[in-house]
Amino acid sequence: MANFVALTALVHRGDEVLIERPTYDPLLTILDHIGANVCRFDRLAEKGFQLGWRTRAQAHAPDSSCDSLQPPQPSAALPTRVPCGRQARWPQVGARVLVDEVYLETLFDQPWRSAFHLGSNFVVTSSLTKAYGLSGIRCGWILAQPELIQRHVADH
């Protein structure tokens, strides 16, 4: 539900959205419902599921409104470096980066930090469903800059 709310706040009919492959299939369903134009980029097993920036850049449309990443799901692989720094410069073109961090807290053997701290264009979703096994509670959250939240609340 957090991804649905975030995407409906970030994306409008006809917007270009970059989505990694593999991905969480309901994201594609949400974007189809919204009427977004989806461009895909691959995270390949032979490359350790690391973000392929050349492939991703080729998929990028100049007027893209959103990019969606789901580290470490569904591959269970985190990027070995912080490739999101390039996306941190995207506010100039108005693009947001949605990062679904629902599995991030399952990484007990490695340090992690939320992508929310990478820049004002990052929007983060998460919940208690995966790492804590509390799917029956249906408790999740969205982290975003206050102006985005206020704009979404005003529109609805």
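Mentor: E5 and E6 pair in the antiparallel sense over four bridges, where two strands count as paired if DSSP finds at least two bridges between them, and strands (E, at least two residues) are DSSP runs numbered from the N terminus, as are helices (H or I, at least four). In this pairing valine 124 stands opposite leucine 143 of E6. The model is a predicted one, in which local features need pLDDT of at least 70 and side-chain atom pairs count only at pLDDT 80 or more, while totals for chains, interfaces and linings use all residues. Residues are numbered from 1 along each chain as its sequence is written, and side-chain values use heavy atoms, with hydrogens and water left out.

Strand E4 (residues 96-100) is joined to E5 by four bridges as well, but here the two run parallel, and valine 124 is the bridge partner of valine 99. Six of the six residues of E5 are buried, that is, under 20% relative accessible area with a 1.4 Å probe and protein chains only. Both faces are covered, with Phe122, Val124 and Ser126 on one side and Val123, Thr125 and Ser127 on the other.

Helix H1 has buried residues too, namely Ala2, Asn3, Ala6, Leu7, Ala9 and Leu10. Seen down the axis of H1, these fall within an arc of 160 degrees, so they line one face of the helix, the arc being that of the directions from the helix axis to the C-beta atoms.

Technical notes:
Buried means under 20% relative accessible area, exposed over 50%, partly exposed in between (1.4 Å probe, protein chains only).
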